[in-house]
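The entries follow the order in which I looked things up.

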Amino acid sequence: MAATESPRSAERGLRADALRNRRRIVAAARQIFEERGLDAPLDEVAERAGVGAGTLYRRFPSREELVEAAFAEELTRVGAIAEEALLCDDPWTGFSTFVERLCGAMAADRGISDLLVLRLPNSRVAAGSCERQNRAVAELVRRAQEARVLREDVVPEDVLLFLMANAGVIEVTRGAAPHAWRRLVAFLLEACRPVHAGPLPAAPTPLQTERALLGNAEAKGLRAPGREGHGPG
């Protein structure tokens, strides 16, 4: 499938009723993904939007396209978080604030939590956000290490491990201890300080992390295009 078009481009040329349906579907998807995660049943999205399953699948033939439309603004904001952290004069504050903000966003929204630990392989919006964030994270790590406030063996891929760990803690503790993620993040950041200079096991390579993200997307039905669930054949 070709890279998905931007949500605004997708709305051009639609009839008024089709545009209303599209926007209702996107709003319903955003709510349900926030509540239940990106693998929530799409039949529920159609029901909440007040449209038939056929209408949903005509507008969004794959789950990936619906996810991109539902999170377009959030993807842009997430991509900017690391760049904003670079504006901090203190390198440690920049690095730690970045990690804390991303982890906090994950705790507040299950959809965001899922989105940060997978890759949407056919989304230009997601790819652009990811590229911006990766460049900024590498710079955050470099600055903090040059200032000797971050241990020398930390690599940008470690940040993704933090997010994966945070996603797991959030999922398990959401109902019973919704603030437990804060303690995890505090431990992780403390372990990044140079005083903890013991050797670390090997970090995952960029290729390994990419495979992990794509595998997580596939597990949530976001890897391959096409209809799913009880959509029309």
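I took helices (H or I, at least four residues) and strands (E, at least two) as DSSP runs, numbered from the N terminus. The model is predicted, so I required pLDDT of at least 70 for local features and 80 or more for side-chain atom pairs, while totals for chains, interfaces and linings use all residues. Residues are numbered from 1 along each chain as its sequence is written, and side-chain values use heavy atoms, with hydrogens and water left out.

Fold. I found twelve helices and zero strands. Of the 233 residues, 44% count as buried; buried means under 20% relative accessible area, exposed over 50%, and partly exposed in between (1.4 Å probe, protein chains only).

Pocket. I searched a 1 Å grid over the protein atoms alone for pockets, each an open set of points where a 1.4 Å probe fits, with protein on both sides within 12 Å along at least five of seven lines; lining residues have an atom within 4 Å of a point. Grid points are joined across faces, edges and corners, and a volume is the space filled by probe spheres set on the points. The largest pocket has a volume of about 520 Å³. It is lined by 25 residues, and Arg119, Cys130, Gln133, Asn134 and Leu213 are the closest to its centre. Which element gives the largest share of the lining? It is H9, with six residues. H9 spans 124–146, and the other elements that give two or more residues are H6 (72–85), H8 (110–115), H10 (156–173) and H12 (206–219).

Core. I defined a nonpolar core as a set of buried Ala, Val, Leu, Ile, Met, Phe, Trp, Tyr and Cys residues joined through side-chain atoms within 4.5 Å. The largest one has 60 residues, of which Phe33, Val45, Phe95 and Phe98 touch the most other members. Helix H7 (residues 91–108) gives the largest share, seven residues. Domain 1 (15–61) and domain 2 (71–220) both contribute, so this core lies between them. The domain bounds come from an automatic or database domain assignment.

Helix H5. I checked residues 63–70 and found eight of eight buried. Among them are Arg63, Glu64, Glu65 and Glu68.

Arg148. Most residues other than glycine have a negative phi. Arg148 has a positive one, near 60°, and sits in the loop between H9 and H10. I count Arg148 as exposed because its relative accessibility is 66%.
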